[in-house]
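Please look over the following structure, and read the notes below it with the model open beside you. They take one residue as a starting point and then widen to the rest of the chain.

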Amino acid sequence: MSERRQLTYFVRTFGCQMNFHDSERIAGLLESRGYRAAESPETADLVVFNTCAVREHAGDRLYGHLGHLASLKRERPEFRIAVGGCQAQMDRERLLVKASHVDVVFGTHNLASLPDLLERVELTGRPQAEILEETEAFPSCLPSKRERSFRAWVTVSKGCDNTCTFCVVPALRGPETSRRPEEVLAEIEGLVADGVVEVTLLGQNVNSYGHDLSGRVKFSDLLRSLGGAEGLRRVRFTSPHPKDFPEETIRAIAETPNVCEHVHLPLQSGSDEVLRAMRRSYRAQRYLRLVESLRNAVPDLALTTDLIVGFPGETERDFADTLRVVEASRFDAAYTFIYSPRPGTPAASMNNQVAPGVIQERFARLVELVERLGLEANRPLVGRIFEVLVEEVSIKNPDRLSGRTRSNKLVHFPKRDGIGAGGFVQVRIDRATPHYLVGEAVERGRNPEGTASGEAVDRGRNPEGTASGEAGAAAVSAGEVSR
């Protein structure tokens, strides 16, 4: 009797870091059941769409992809299609009506059910849908197949208690729920033992972590607890909310050696009127005071943000306020988004929608400003030396490597023997653009102290001053709105 053929899978992910983290867990779950990864949807036995309901026209893109696979399903009836994530949570059983060739629909709260739902399809011959209203388990509690062995996402909270009028996440992910700090620390210790040198703490509103836990647990306490984790070189977090930045959190960022000098701080708008309509619980001056406090505490801080253009009711004066706050904040990079209505959100039913042509013209002006500020932030870095964590061979040039500084700045540099993904290297910056830096590796594994930059190193860190160039590159397209 011949052995059963090993089944293959392909996961396609839309959306934010939380979705990509969920996809790593989906892959881990499937491989724990004997599946192996396929090179493409066409060569897989199972395709899983992990969806987003926040990006513009997310539903249209999902159904377009599903339509593309309909012919493959007709040719191979045993071929399986599963849809999970926020769009699945929102559309629920309608997915099986609108795309009758889908086999499994599962929600954001029950990733762990996917293998069992697939088995139910095989046993019953009928499509299966399971949408839970509460979290079964944090994604980090499930098996994982990480995209990169040296870097990991760690979920510290799920859901959101805010009521931003443009956002569907609270309705889809539920109220905010924090993990116990000992669970977070235990997971990170296991990751470090497995070779991880950088972790990113994830939450829809990550810096409000702990408010629902007993014992007065705070986000600042969690950050400080990671400072003593031997072998953990870098700690990042995303996405914070400006309303949840007490002085103790700012001090924790400044004083914890392995917490990186980068804060992504969503502004969304610089107009108090628009912020009020968005139900964002801060105003422009409070935001600018927070920026000043962060920069004073961490002089080498890189600051990035999210910005929405064309929110209902936005006037030219409101937009001018946004340009003013962006200029005053001196962002290193920004994700800029054209507002589009999201079904189920209060903003979608507002009757003072801004004309598309007006939005496009404002969007172009905002992108121009963001790019200018990015270049102005990058030019002073030429001639300096930074520690870079190597990530991969450059997508556009196989003869060069790409990596990131502690401040999450993208750096390209020529390949050298003995330098590969997951390693640290000192890179001298030779050229700056608005979105990335270009340099030359000067020495592998060398500590920041004593480099040619001649600059002091505070708190054991490598001094830097820019944010992710990738964020700047993303600024020219509309898409997901972060918390």
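Glu 198 lies in strand E10, which covers residues 198-202; helices (H or I, at least four residues) and strands (E, at least two) are DSSP runs, numbered from the N terminus. This is a predicted model, in which local features need pLDDT of at least 70 and side-chain atom pairs count only at pLDDT 80 or more, while totals for chains, interfaces and linings use all residues. Residues are numbered from 1 along each chain as its sequence is written, and side-chain values use heavy atoms, with hydrogens and water left out.

**Around Glu 198**

- Glu 198 is buried, with a relative accessible area of 5%, where buried means under 20% relative accessible area, exposed over 50%, and partly exposed in between (1.4 Å probe, protein chains only).
- Not counting residues up to four places away in sequence, Glu 198 touches Phe 150, Arg 151, Ala 152, Leu 232, Arg 234, Arg 236 and Leu 389, a contact being heavy atoms within 4.5 Å.
- Glu 198 also belongs to a network of salt bridges that links it with Arg 233, Arg 234, Arg 236 and Glu 387, a salt bridge being a side-chain nitrogen of Lys or Arg within 4 Å of a carboxyl oxygen of Asp or Glu.

**Salt bridges**

- Side chains of opposite charge can pair when their charged atoms come close.
- A search of the whole structure finds 33 salt bridges, and one of them joins the side chains of Arg 76 and Glu 78, at 3.9 Å from N to O.
- Glu 387 forms a salt bridge with Arg 233, with the closest N and O atoms 2.6 Å apart.
- Because Glu 387 lies in strand E15 and Arg 233 in the loop between helix H8 (219-226) and strand E11 (234-238), this pair ties together parts that are 154 residues apart in sequence.
- Of these two partners, Glu 387 is buried, with a relative accessible area of 7%, whereas Arg 233 is partly exposed, with a relative accessible area of 36%.
- Glu 392 forms a salt bridge with Arg 148, and here the closest N and O atoms are 2.6 Å apart.
- That pair links distant parts of the chain, 244 residues apart, with Glu 392 in strand E15 (residues 385-393) and Arg 148 in the loop between strand E6 (128-130) and strand E7 (151-155).
- Glu 392 counts as partly exposed at 29% relative accessibility, while Arg 148 is buried, with a relative accessible area of 14%.

**Trp 153 in strand E7**

- Trp 153 has its place in strand E7 and counts as buried at 18% relative accessibility.
- Although Trp 153 and Thr 200 are 47 residues apart along the chain, their C-alpha atoms are separated by 4.8 Å.

- Helix H12 (residues 316-329) and helix H13 (residues 356-378) pack at an angle of about 10 degrees, with their axes 10 Å apart; axes are lines fitted to C-alpha atoms, for helices over the stretch in contact, and angles run from 0 to 180 degrees between N-to-C directions.
- H12 and H13 are therefore roughly parallel to each other, a term for angles under 35 degrees.

**The whole chain**

- The secondary structure of the protein chain comes to 14 helices and 19 strands.
- Of the 483 residues of the protein chain, 58% count as buried.

Technical notes:
Angles under 35 degrees count as roughly parallel, over 145 as roughly antiparallel, 65 to 115 as roughly perpendicular and the rest as oblique.
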